[in-house]
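Here's a quick briefing to read alongside the 3D view. Take a look at the fold, then work through the points below.

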Amino acid sequence: MTDAGLAARLEGLLFFPVTPFDAAGALNLDAYRAHVRAGLDAGPGAVFAACGTGEFHALTPDEYERCVATAVEVAAGAVPVIAGVGYGTAVAADFARRAEAAGADGLLVLPPYLVRAGQRGLLRHYTALADATGLQLIVYQRDNAVLTPETVARLAGDPRIIGLKDGVGDLDLLQRVISAVRTAHPDRPEFRYFNGLPTAELTGPAYRGLGVTLYSSAVFCFVPEIALAFHAALGRDDHATVRRLLDGFYRPLVELRDRGSGYAVSLVKAGVRLRGLDVGEVRAPLAEPEPAHVAELAALIDTGLKLIDPEVTP
């Protein structure tokens with residue numbers, strides 16, 4: 001796929017499915033197919049398989065490849081399937097090759113495992129991963145992989161690297177990154193930026209002020225009706241609907257999410273189960289949410305659905 005082809009296809013709300021496990025803790029591909037199919041039926045712009053919400057860290061290489069292949073099978077070319085890769089360079093390259101063999105359209109590169117590398121080392125890492133396959137990369141900056149504007153500008157000079165997902169939330173830094181890339185590569189307007197903060201809707205208006213409209217939505221996994229209504233309202237500058245959903249649903253959800261370690265994943269999985277699909281529990285070292293918190297999530301889902309204006313519900 002050409003640079004412009006994949007970059008141009010990444011529009012709309014981005015779906016990051018959870019990875020289902022059965023009662024014995026084994027990969028449940030039947031539930032995964034159902035989950036991905038339900039998400040696709042709701043109309044996302046892309047499927048990001050086996051990424052953070054999909055417990056990439058907990059999958060064996062064979063499980064990972066089967067998840068990516070299943071997502072590709074279900075998507076059937078309707079939208080791009082982007083696969084997560086991570087760990088050190090050699091292991092990440094192995095995952096990248098597996099994703100390519102499974103039919104993925106591109107890669108989302110999570111931060112390297114444990115080490116806090118300098119900018120030169122990160123450049124070597126991403127360049128080596130670009131060399132590993134014919135797939136193009138989106139670099140995910142967060143935690144121990146925070147890039148300077150100069151580093152991103154250098155990465156953007158490589159046509160195999162098509163975007164930056166920001167999980168830092170420093171808007172001053174991101175604005176300088178955007179400016180540096182625009183200045184260094186005025187002929188490359190297709191380089192894409194993504195809001196990758198947890199519950200990205202909460203910061204959606206702020207990122208939109210920088211021209212960053214793409215974001216990953218964990219809420220899409222379990223209440224796509226709310227996620228799509230918010231996304232549509234944001235896109236047409238319907239400030240009343242945006243404020244109503246932020247105040248009545250998203251802010252309380254973030255406050256609930258922050259009450260437990262690992263809730264950015266485990267609470268999402270609980271939400272999928274509450275909506276009727278048994279995707280199992282999270283794998284260790286994550287743990288399930290407290291029952292009282294799951295009950296709060298159920299009530300919050302009901303509240304959020306009532307807040308949707310029928311005129312904007314897809």
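Two strands pair if DSSP finds at least two bridges between them. Helices (H or I, at least four residues) and strands (E, at least two) are DSSP runs, numbered from the N terminus. This is a predicted model, where local features need pLDDT of at least 70, side-chain atom pairs count only at pLDDT 80 or more, and totals for chains, interfaces and linings use all residues. Residues are numbered from 1 along each chain as its sequence is written, and side-chain values use heavy atoms, with hydrogens and water left out.

**Strands**
- Strand β6 (residues 161-166) runs parallel to its partner β7, and four bridges link the pair.
- K165 has F194 in β7 as its bridge partner.
- In a regular strand, side chains alternate between the two faces of the sheet.
- In β7 (residues 192-195), R192 and F194 point one way while Y193 and N195 point the other way, and all are buried (under 20% relative accessible area, with a 1.4 Å probe and protein chains only).

**Packed helices**
- Helix α10 (residues 239-257) packs against helix α12 (residues 291-307) at about 165 degrees, with the axes 9 Å apart; axes are lines fitted to C-alpha atoms over the stretch in contact, and angles run from 0 to 180 degrees between N-to-C directions.
- So α10 is roughly antiparallel to α12 (angles over 145 degrees).
- The contact (heavy atoms within 4.5 Å) includes R244, L245 and F249 of α10 and H293, E296 and L297 of α12.

**An arginine on a helix**
- R124 sits in helix α5 (residues 119-132).
- R124 is exposed, at 68% relative accessible area (exposed means over 50%).
- R124 and E65 lie 59 residues apart in sequence and 25 Å apart in space, C-alpha to C-alpha.

Conventions: Parallel < 35°, antiparallel > 145°, perpendicular 65-115°, else oblique.
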